[in-house]
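Have a look at the model first.

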2 protein chains.
Amino acid sequence: MNETTTPPFEIKLAVSAEMVEDTLRRLLDTRPLEGEVARPQRLLDAMRHGVLNGGKRLRPFLVLETASLFDAQGEAALRVAAALECVHCYSLVHDDLPAMDDDDLRRGQPTVHRAFDEATAILAGDSLLTYAFDIIADDATLLSAEKRLALTLRLARAAGIGGMAGGQALDLAAEGETLAEEEILRLQAMKTGALIRYACEAGAIIGSGNDADRERLGEFGAAIGLAFQLADDLLDLTASSEAMGKATGKDAAAGKATLASLHGIDWTRAQLRGLVAQARDILAPYGEEAEGLRQAALFVAERQN
Amino acid sequence: MNETTTPPFEIKLAVSAEMVEDTLRRLLDTRPLEGEVARPQRLLDAMRHGVLNGGKRLRPFLVLETASLFDAQGEAALRVAAALECVHCYSLVHDDLPAMDDDDLRRGQPTVHRAFDEATAILAGDSLLTYAFDIIADDATLLSAEKRLALTLRLARAAGIGGMAGGQALDLAAEGETLAEEEILRLQAMKTGALIRYACEAGAIIGSGNDADRERLGEFGAAIGLAFQLADDLLDLTASSEAMGKATGKDAAAGKATLASLHGIDWTRAQLRGLVAQARDILAPYGEEAEGLRQAALFVAERQN
């Protein structure tokens with residue numbers, strides 16, 4: 001065990017997750033907003049099922065922590081964190097669909113298409129994605145128009161064809177293919193890296209960091225995004241499905257090459273240590289203030305589920 | 001035949017469609033934008049298949065025409081028109097999926113999941129929706145930050161749970177149910193009305209119309225949105241699938257009540273005439289400048305496919 005994964009960090013993460021969960025619950029209210037006709041109950045329930053699922057809320061944590069480097073806390077960071085989680089959860093709802101990964105369970109609970117039905121799961125994912133842009137564009141964030149636009153544009157780029165959705169498409173195409181290391185890295189930078197990177201850049205934008213801050217924190221996000229993926233690949237190779245709350249060993253079964261399967265467990269663990277060190281180095285300019293982010297880097301690399 | 005549906009309007013619509021198609025083709029380019037890692041070819045091809053399909057581009061036409069009431073033409077209106085069409089086409093791609101309407105054809109061509117595969121169709125829809133927000137938020141629109149945000153927020157509300165996606169969910173739930181007239185109206189205001197209304201409001205925002213302009217043109221959009229749906233219901237009752245380029249008689253087969261099936265063909269035609277008159281009245285303050293919109297109202301009500 002390492003001092004930085006002892007209870008203090010897990011408690012910090014849990015406290016942050018609770019604030020984000022409260023924000024999400026508040027946003028996924030039954031009352032229609034101005035400009036909305038009505039919020040159909042079953043669709044709203046499906047959206048809630050997909051979002052209010054007890055996730056660790058790592059991406060929101062990164063938004064809140066990077067924003068707090070610039071003393072930006074409160075509603076703006078919470079709303080952007082919640083919007084990002086809506087995008088993350090939409091991607092999970094769609095990824096779980098029969099035509100995609102065909103998963104019945106997510107965090108030990110039925111996936112949205114199992115708890116509701118496939119059409120509702122498609123629409124719930126669509127609505128979560130759409131709502132994310134609503135949450136960020138709304139002046140309830142109390143951010144300037146320029147900041148809200150920068151957050152909107154970067155989110156669209158991180159989530160769309162050139163980011164997460166594109167990475168997912170590459171991942172589907174990779175089944176049964178032998179990808180070169182470089183192709184795997186690009187796939188992962190898109191599929192999981194882009195949103196994690198966005199989380200860290202968003203904090204710099206919310207907190208009025210300068211361009212150097214945004215780039216630096218973006219690099220930090222990219223490093224822990226890759227660590228996140230490597231840890232995931234490692235868990236897919238080693239962990240039981242019980243610990244993960246979802247099916248494991250699926251990458252191998254699907255014939256998907258991962259960096260971990262390509263290079264083995266020891267290499268992957270060494271890479272993870274290197275990425276954590278690199279991520280922590282990037283944070284040097286922020287001193288003690290960045291301790292939460294340093295702990296997050298280690299947590300991502302060492303997580304067991 | 002009526003003088004306002006003679007070639008001049010259809011040519012006007014076709015010219016507008018061509019400009020929008022050019023804009024969409026330009027936006028759906030292979031080169032990644034700043035902040036995008038790469039644009040996977042197959043996903044991009046699927047997005048193009050879903051969008052560059054020879055549609056009439058009615059919603060974009062409404063954006064361009066309402067913007068031109070305020071002498072706003074060019075890149076801003078074209079980009080917003082193209083973004084709106086991306087949202088419309090994403091909804092068609094997802095609606096056509098096996099879990100939704102399960103359609104094999106759209107405008108006489110294979111639907112995206114038939115031409116590609118189901119997973120790619122889901123991701124192509126997701127990516128088109130995401131890209132719409134990118135297109136509007138980008139400063140390439142040359143619009144002020146405030147206008148881009150207003151356009152973003154209203155689009156999210158028109159497309160999300162309180163608008164189009166919510167209407168689609170209500171529509172799914174309505175199969176085999178007997179809805180009251182009021183429920184059908186609400187369903188249609190969401191499912192098809194919200195985006196058409198948005199098209200007209202967007203023109204007012206782009207063109208710096210005042211609040212009264214935006215509300216007035218929004219009402220015009222709501223009136224022709226309802227007319228559009230009534231005409232669709234009527235066509236579903238009367239037209240051949242050949243003229244429509246898609247399967248017809250599906251509402252009745254699915255046990256869906258429509259206003260046309262509830263009240264009959266004569267009542268529906270009378271309603272359509274009333275809506276056209278109402279839509280034209282709303283445009284009175286804009287004089288001759290609004291002739292294209294007046295023609296559009298009639299076109300929507302009288303369309304044969």
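Is G125(B) buried or exposed? Keep in mind that this is a predicted model. G125(B) has a relative accessibility of 0%, so it counts as buried, the cut-off being under 20%.

To find the spot, go to helix α6 of chain B, where G125(B) sits. Leaving aside residues up to four places away in sequence, G125(B) touches Y90(B), V93(B) and H94(B).

Now zoom out to the contact between the two chains. Chain A and chain B each put in residues: 48 from chain B and 48 from chain A. Between them the chains bury about 4400 Å², with 75% of that on carbon and sulfur atoms. On the chain B side, the residues that lose the most area to chain A are L149(B), R157(B) and I161(B), which together make up 18% of what that side buries.

What about the polar side of things? Across this interface there are 11 residue pairs in polar contact, both partners at pLDDT 80 or more. Four salt bridges turn up as well. One to look at is D138(B) with R157(A), where the closest N and O atoms are 2.9 Å apart.

As for which elements do the touching, α2, α4, α6, α7, α8 and α9 of chain B each give two or more residues to the side facing chain A. The helix we started in, α6(B), gives the most, with 11 residues. By type, that side of chain B divides into 28 nonpolar, nine polar and 11 charged residues.

Notes. Residues numbered from 1 in each chain as written. Chains lettered and ligands numbered in written order. Predicted model: local features only at pLDDT ≥ 70, side-chain atom pairs only at ≥ 80, totals over all residues. Heavy atoms only, no water. Contact = heavy atoms within 4.5 Å. Buried area = accessible area lost by both parts, 1.4 Å probe. Salt bridge = Lys/Arg side-chain N within 4 Å of Asp/Glu carboxyl O. Polar contact = N/O pair within 3.5 Å; in protein donor to acceptor, adjacent residues only side chain to side chain. Helix = DSSP H or I, 4+ residues; strand = E, 2+ residues; numbered from the N terminus. Nonpolar A, V, L, I, M, F, W, Y, C, P; charged D, E, K, R; others polar. Buried < 20%, exposed > 50% of the residue type's maximum accessible area, 1.4 Å probe, protein only.
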